[in-house]
Amino acid sequence: MIWVISQLPAPMEWAGLKRDMYGRGRAFATARFSGPSSVVLVWGTTLSATTGTYSGPTVRDITGDGTPDICVGDNAGVLRCFNGPDGTLHWSYSTGGAIYSTPVLEDVSFFNPGMEVAFTSTNGYLYVLRGTNGTLLWSAYVGYAYNGSPRVYNINGIPGNEVVVATRSGTYALNGNTGAVVWSNTSVVSDAAVAIADVDNDGEIEVIVADNSGSVYALRGTNGSVKWVVSTGYGYGSAPAVEDVNGDGIMEIFVNFYNNYTCRINGTGSLAWCVYGYSDLSFDGRESVVIGPDINGNGTRDIFTADYWYNFAAIDGGTGSVIWSRTTTYETHSHAPITVGDFDMTNPGYEILFANHDGYLDVYSASNGNFLWNISYGGPVGGCCASGYALIADVNGDTCVELVVRGEADAPNLRVYRSNNVGSCYLSYDDPVAVREEEGKERILDVVRGGIMFYGKGKVEIYSVDGTKVGEVSKPGLIRLKNGVYIVKYKNKTEKVLIK
């Protein structure tokens, strides 16, 4: 079986809702902020937004020019992609329906060179656009969802990626090349984004869905059938966050529920624990959990959650015990209200970026929940409805991450902030996942004129996109190939290449 796998975002990127297909919401690169005096507005623009539901920004080189880009939708139904360093508009695409979906930036199709942008609109359609120019590659009807943020991954082991999305009509996997339905499960409906992972370490991919009735499903990536379901009875759920937090090889799944419960479900399909009091969700925002560092030193990653009604907490990812909790001054209202990363060089450890209802970016210490500082990104102080979606990503290619925020109705701004402190940044090397992801990117091959230059040791196999084996070599050197798209398999890794 050949697995053609979408790559996880680089440590400096933010490729979809809560960064990646696991929905962790954690940045793997650092910055040099040191309080509000260090924050400099790089650029900003105004986008149409309504109260409560809005598209979050994503950051990746989507045009193929080597520079990060920022893509985001708006309430008027327009998806825009901007140049990251200066905010120049690359292109825009109008759907005719509001875009509440956070787009995913990924290599969706074999047959279109470069990256694509995938997102849904309230008109019920999922769109895939060419990253180079914003033209439509394909669209497919999947039904309405408040969030509708898709994921892209090879979920069934057949060459090619699928686009996976949950809506009020069901959960769908669509062929990345054509938009044809690979499978659908119309019994599993949700307004929240899914997560994708091999949660039980059996070698097969699962699609994790928190539905609109208090259940969490693991659907088989091969055909969408139910592998297991855990029913809580706690009302509609948020976008799941998935990671192996205790190092036992089995992933854990964390979901916030409407009835004010935060729950951990084990990857094998059993309920581990639920904590009451920190996840009173808004119906449209469905504020979700992020997975951060091990702040209490017991060897297990911890989770962070902020709900719609001022509650904010760090919870031990292993035991479910509350490490600390705070009552915030202003509420949150977002699919992804908080982000965790190491971006303030004056505070030991990690920080939490919190986009609040009064239009402020609040910064808290992840280790103890203490407030550190804030800045305004617009909106009336003491007013309503300026909550934002905030993230941490490198928008200019200098390896240091910037603060990116997009606000709702009373602060409908997209803004990028950098630090004025001079110096180099680094990966979060105290984060073993970041280290594994970066070290896993060994240089195996380069695409050159007329073929592939292979640097590895051992056997490399080459397949056409229909799975036919076209070649095999076992020593470094130039592998000559005709123009076309190929799948290169080396050890346990695969990569799609275009020869032209």
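Q: How many salt bridges does a search of the whole structure find?
A: A salt bridge is a side-chain nitrogen of Lys or Arg within 4 Å of a carboxyl oxygen of Asp or Glu. The search of the whole structure finds 12 salt bridges. This is a predicted model, in which local features need pLDDT of at least 70 and side-chain atom pairs count only at pLDDT 80 or more, while totals for chains, interfaces and linings use all residues. Residues are numbered from 1 along each chain as its sequence is written, and side-chain values use heavy atoms, with hydrogens and water left out.

Q: Which residue forms a salt bridge with D202?
A: The partner of D202 is K227, with the closest N and O atoms 2.4 Å apart. Strands here are DSSP runs (E, at least two residues), numbered from the N terminus.

Q: Which other salt bridge does K227 form?
A: K227 also forms one with E206, where the closest N and O atoms are 2.9 Å apart. This pair links distant parts of the chain, K227 being in strand 17 and E206 in strand 15, 21 residues apart.

Q: Is E206 buried or exposed?
A: Buried means under 20% relative accessible area, exposed over 50%, and partly exposed in between (1.4 Å probe, protein chains only). E206 has 1% relative accessibility, so E206 counts as buried. K227, at 24%, is partly exposed, and D202 is partly exposed at 39%.

Q: What does E243 form with R301?
A: E243 and R301 form a salt bridge, their closest N and O atoms being 3.3 Å apart. E243 belongs to strand 18 (residues 241–243) and R301 to the loop between strand 22 (290–291) and strand 23 (302–306), so the pair ties together parts 58 residues apart in sequence. E243 is buried at 4% relative accessibility, and R301 is buried at 9%. Salt bridges that share partners join R19, D20, R24, R26, E243 and R301 into one network.

Q: Which residues lie on each side of strand 30?
A: In a regular strand the side chains alternate between the two faces of the sheet. In strand 30, G388, A390 and I392 are on one side and Y389, L391 and A393 on the other, all buried. Strand 30 (residues 388–393) is thus mostly covered, with 6 of its 6 residues buried.

Q: In which sense do strand 30 and strand 31 pair?
A: Two strands pair if DSSP finds at least two bridges between them. Strand 30 pairs with strand 31 (residues 402–407) in the antiparallel sense over 6 bridges. Y389 stands opposite R406 in strand 31.

How values were computed. Helices (H or I, at least four residues) and strands (E, at least two) are DSSP runs, numbered from the N terminus.
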